[in-house]
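Student: I've got a structure loaded and a few things I'd like to talk through. Can we go over it together?

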Amino acid sequence: MKIAVITGASSGMGRELALLLDQRIPNIQELWLIGRRRERLLSLERRLRKKCRLLSMDLLEPSSFLSYERALEESGAEIVFLVNAAGFGKIGAVSRLSLSEQLAMIDLNLRSLTAFCRVSIPYLSGKSRIINFASAAAFLPQPDFSVYAAGKSYVLSFSEALDEELRGSGCRVCAVCPGPVKTEFFDVAERDGQSIAAYKILFMARPDRVARLALRDSVLGKKCSVYGYSMKLFRLLAKLLPHRFFFFLLREIQRLSGSMDSNRTLSNKRRNP
Ligand SMILES: NC(=O)c1ccc[n+]([C@@H]2O[C@H](COP(=O)([O-])OP(=O)(O)OC[C@H]3O[C@@H](n4cnc5c(N)ncnc54)[C@H](OP(=O)(O)O)[C@@H]3O)[C@@H](O)[C@H]2O)c1
């Protein structure tokens, strides 16, 4: 049985990719939809034509990797697409966000993504594709989004290296690096933290468009999918210019818009352990 596995299928870009894989990839026989909110997975299942298997689990629990591995073993499935879209970010200074939130970001965005890739490898075939959601935040360290951006650099680097390792087998890995996308991501990112910088709203993309490009780039065997000219330019500039130039620019933008985090002091290290 040929399957597509999608983490983060209950909303945003994971959901969009589930819809696209359902419509556009005829040889997929079953979609495995993963997320914590079962009711969301059920409502997505009702919209899909292909058979679905719902795995409602919390990927912060290490037992979830074992359950996934067992499900693969028992089904004898062949993975045609693996989409790692589960992830979250929290906006705020390292000294301001709680330690538990920051470690959870690392656990979900890096650890679970790595585990899903590793567990899936024996079930890939010659033309399988892995789509890993990194971010344009991977191109440059981001003050007030430090852990998230550093984690996405890991995803980009890991995906590129894994693509090289798997190349001989015919499987390809694509890292998706969008700028801001209009999804529920910001409901979580801004909760108890800071608001998204106003200038980022200007670059907000539609999730269906980012997902469509990601699928196309992955099928074409591209290592990296970057939606929009502005993010392509940002990627280029981040390679060419020193980081301190961007930090200066960000400080100036924040100063002019009055959004500098006035609470960013060392005393915050005592808050929210
Ligand atoms: N939106 C953006 O601006 C943006 C930009 C660049 C990159 N990205 C990346 O793109 C990916 C998709 O984000 P999105 O924008 O589509 O966000 P989203 O709409 O908030 O979707 C996030 C998904 O992750 C799942 N998830 C969160 N915590 C989980 C957990 N502990 N266990 C299992 N699943 C969990 C959520 O499902 P449940 O809540 O049901 O568990 C949800 O389906 C993420 O990796 C994100 O970092 C987003």
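This is a predicted model: local features need pLDDT of at least 70, side-chain atom pairs count only at pLDDT 80 or more; totals for chains, interfaces and linings use all residues.

Student: How far does α8 reach from its first C-alpha to its last?
Tutor: The helix has 13 residues. At 1.5 Å a residue, the expected span is close to what the model shows, and that reach is 18 Å.

Student: What do the buried residues of α8 pack against?
Tutor: The buried set includes Val-210, Leu-213, Ala-214 and Asp-217. Buried here means under 20% relative accessible area. Those buried residues pack against α1, β4, β5, β6 and β7.

Student: Which backbone oxygen lies 2.6 Å from a polar atom of the Ser-128 side chain?
Tutor: Ser-128 touches Ile-79, Val-80, Gly-170, Cys-171 and Arg-172, leaving out residues up to four places away in sequence. For that 2.6 Å pair, the backbone oxygen belongs to Ile-79.

Student: Which element gives the most to the largest nonpolar core?
Tutor: That core has 39 residues, and Trp-32, Tyr-68 and Ile-79 touch the most other members. Elements that each supply at least two residues include β1, β4 and α5. The top contributor, with 7 residues, is α4.

How values were computed
Residues are numbered from 1 along each chain as its sequence is written. Side-chain values use heavy atoms; hydrogens and water are left out. A polar contact is a pair of N or O atoms within 3.5 Å; within protein, one must be able to donate a hydrogen and the other to accept it, and residues adjacent in sequence count only if both atoms are side-chain atoms. Contact means heavy atoms within 4.5 Å. Helices (H or I, at least four residues) and strands (E, at least two) are DSSP runs, numbered from the N terminus. The expected span of a helix is 1.5 Å times one less than its number of residues. Buried means under 20% relative accessible area, exposed over 50%, partly exposed in between (1.4 Å probe, protein chains only). A nonpolar core is a set of buried Ala, Val, Leu, Ile, Met, Phe, Trp, Tyr and Cys residues joined through side-chain atoms within 4.5 Å.
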